[in-house]
Each structure stands twice: as structure tokens, then as C-alpha cells.
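Please look over the sequence and the model before reading the points.

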Amino acid sequence: MKVAVVGATGMVGRVMLKVLEERNFPVTELLPVASARSVGKEIDFKGKKYKVVSMEDAIAAAPELALFSAGGGTSKKYAPEFAAVGTTVVDNSSAWRMDPDKKLVVPEINKDVLGPDDKIIANPNCSTIQMVVALGPLHSKYNIMRLVISTYQSVSGTGKDAVNQMSQERSALPGEEVDMVYNYPIDMNCIPHCDIFLDNGYTKEEMKLVHETRKILGDDNIGITATAVRVPVIGGHSEAVNISFEKDFDIEEVKQLLSDAPGCVVQDDLANNVYPMPRYAHQKDEVFVGRIRRDESAANSLNLWIVSDNLRKGAATNAVQIAEHLVEAGLLKMVTA
Ligand code: A2P
């Protein structure tokens, strides 16, 4: 199958290529796309070299699938142009996520919402993906009423320029200039400011957690509030999540549900200091859950600590899993033609 990766030179795009390769996705022709300044550069994929092509050339080639991770503006403009030539787009930006006509998909939770007419499919925000993988089975069993979320998000979630900022800060000599992406130094710091501020005083990242979680779980009644914080970690997002359920639960049953949940791994052995950490979630596809404990201050309430690699399950792996489902369910152009 002909596959375009738009943003192939970026943080997420590179991981998309790696995940396509690792999972042996049936790519017969790769079309790596990046900005005009990268056209002609070479990209390695499955032992072959591919030249970065322009957006226009990729659209003209009418691939069966395009994985997008090149920012919201690029997706808004070009995803419909791919869709118009029959390409199915899986888009990692926030451009289409809350469009009522577009599906927002985490395969473990809601892949069955997809049908043959879905030509632009939205990949959720990284913080939302890892959270709903753990919450989905708990919501089905106990009905979530309210979520209070605090995130500890790594710099790779901002993109390659942010990773550069942190590494330059770490190696800069006193007085040496650093290329800043954030308003403040990120090393030895925590910045309670992910994405832009909105009129309600929350950041866009915080409101993505609110709206996207409701859309994926298919329940607009869940009360959700979030504080999203950037921390000096290169890769891997962590989240402290407080959950209030309608029904009471048995803590051992919660642990069992999480252990059985597809894509979820429980790491919770206090006697041996076992709990999830971003350093150890790195390069893995699973969502790790630990510190599973009852909130003793409120009825039917639970605390979880949820960690995952934001570039993999939080972005690239989830997008490739959506693509795999499209192939399996016969929803791509080549399969249905
Ligand atoms: P380039 O490397 O040529 O700038 P990140 O999120 O890590 O910063 O990466 C963004 C990705 O999106 C890069 O691959 C970047 O290409 C690509 N990109 C940015 N703007 C465009 C555009 N207008 N058209 C195509 N690709 C783009």
C-alpha cells in the first residue's frame, strides 16, 4: 500500500516511520512529506532510502493512507485535499478532533465507531489517549461522574525545538544563548502552561482533556477538570488522576480490570517500590498504571498514576493502530475497491 507520512522529519513523524516498520505495516511505497526546506532530504525506511517529497507531489500520488503530524494548520489545509483523491487520513493534530463529523479514536476503546465514509480520522491528544486506555473499562463498570487530572508532560510533546531548548540549557556555558521555545527555562523547572491560554483561564491542553475524553468515552455528563504542567523530562507523560464513580468498587477488582484492559499494564507493588515512571515507559507502547488506591476523602473515589510514552501510544502507535484497524476492517481504498 502507498503510505504518506506528513511531518516525516518531525518528532512524531519519525516515530510513526519506526512504528510502521516495527509492526510490519504493509507499506509498498512510502511518501515522506515535510516542509519545503526538507524536500529532497533522505529518510531511511525498512533498509531503503526515500526522498522527502512536497505535499503537492504526495497528493498527486493519491496514497491509500496518509498519517499526518505536521501541525494543525497543515492538517486543516491539506487533509481534505488528500481525502478528495481517496486517501484516508489519520491526523495527529488537534485540527479535526472536536469536529462533530470526524471520529476521534483510541482503538482499545472505540474503534467500532469507524466506517467506510471516514476519510479524515482524528488521533487524540497524547494526554487523553493514555488516560482513556485506563479509564475505559472502569467507566463501563462503575460509571465515571468526575475526573480531576494533573499532568506532568515531557518536552517531546511540544516538538523537536523544545527538546533542543532543554538540551541546550543543559549544556550551555554561563551566559550562552539558548533557542527558547517556552517562555521560561524548562530544565530544573515546571511550567504550568501547556499550549495557549483560553478565555476561561485554562490552557488549550487542559480543555483538550475535558472535551476529548467525553467524546471518546461517549459521555458528555462526565465532570472533568485538569491542570497540565510541562516538566523537564524528554519523553513520557505522567498523570495523577482522581476519579469519582457513580457505583462503589472493590479495589482488587479495579486492579484486575486494569490488568485485563487491552494496552494497559499494572505496575503496582509498593513493597518493592514498583510504580510507573516515564524513564521506563520510554520506547514502549503500553499504558502503565500504578499507585492504585481508594481516595479516602470522598465516596466511590479512586486515585491512579498513569504513564506512557507520549510519542508512541500518545501519538504514533495509536495512529498506526487506527490504520491497522482500517486494514483489518476493510475500510481503506485498496481493500474496498
Ligand atoms: P520540517 O522538518 O521540514 O520543518 P515537530 O512537531 O517535531 O516540530 O515537527 C513538525 C513536522 O512538520 C516536521 O516534519 C516539519 O517539517 C513538518 N512541517 C511543518 N510545516 C509543514 C508544512 N507546511 N508542510 C509540510 N510539513 C510541514
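The model is predicted: local features need pLDDT of at least 70, side-chain atom pairs count only at pLDDT 80 or more, and totals for chains, interfaces and linings use all residues. Residues are numbered from 1 along each chain as its sequence is written, and side-chain values use heavy atoms, with hydrogens and water left out.

**Domains**

- The domain assignment, which is automatic or from a database, gives domain 1 as 2-124 + 315-328 and domain 2 as 128-310.
- The C-alpha centres of domain 1 and domain 2 are 25 Å apart.
- Contact (heavy atoms within 4.5 Å) links 20 residues of domain 1 with 22 residues of domain 2.

**H237**

- H237 is part of strand β10, residues 237-245; strands (E, at least two residues) and helices (H or I, at least four) are DSSP runs, numbered from the N terminus.
- H237 counts as buried because its relative accessibility is 1%; buried means under 20% relative accessible area, exposed over 50%, and partly exposed in between, with a 1.4 Å probe and protein chains only.
- A polar atom of the H237 side chain lies 3.0 Å from the backbone nitrogen of S154.
- Not counting residues up to four places away in sequence, H237 touches C126, S127, Q130, Y152, Q153, S154, G157, R230, I306, V307, S308 and N310.

**V27**

- V27 sits in the loop between α1 (11-22) and β2 (29-33).
- V27 is buried, since its relative accessible area is 13%.
- Apart from neighbours within four places in sequence, V27 is in contact with M1, V3 and F45.
- Between V27 and K46 there are 9.6 Å from C-alpha to C-alpha, and the two are 19 residues apart in sequence.

**The loop between β11 and α9**

- M277 is found in the loop between β11 (264-266) and α9 (278-281).
- M277 is partly exposed because its relative accessible area is 33%.
- Y275, M277 and Y280 make a nonpolar surface patch of about 300 Å². Patches are made of residues with over 30% relative accessible area and no salt bridge, with nonpolar side chains (Val, Leu, Ile, Met, Phe, Trp, Tyr) joined within 5 Å and like charges within 9 Å. A salt bridge is a side-chain nitrogen of Lys or Arg within 4 Å of a carboxyl oxygen of Asp or Glu.
- A271 also has its place in the loop between β11 and α9.
- A271 counts as exposed because its relative accessibility is 72%.

Notes: Accessible areas come from the Shrake-Rupley method with a 1.4 Å probe; for residues, only the protein chains shown count as cover. A polar contact is a pair of N or O atoms within 3.5 Å; within protein, one must be able to donate a hydrogen and the other to accept it, and residues adjacent in sequence count only if both atoms are side-chain atoms.
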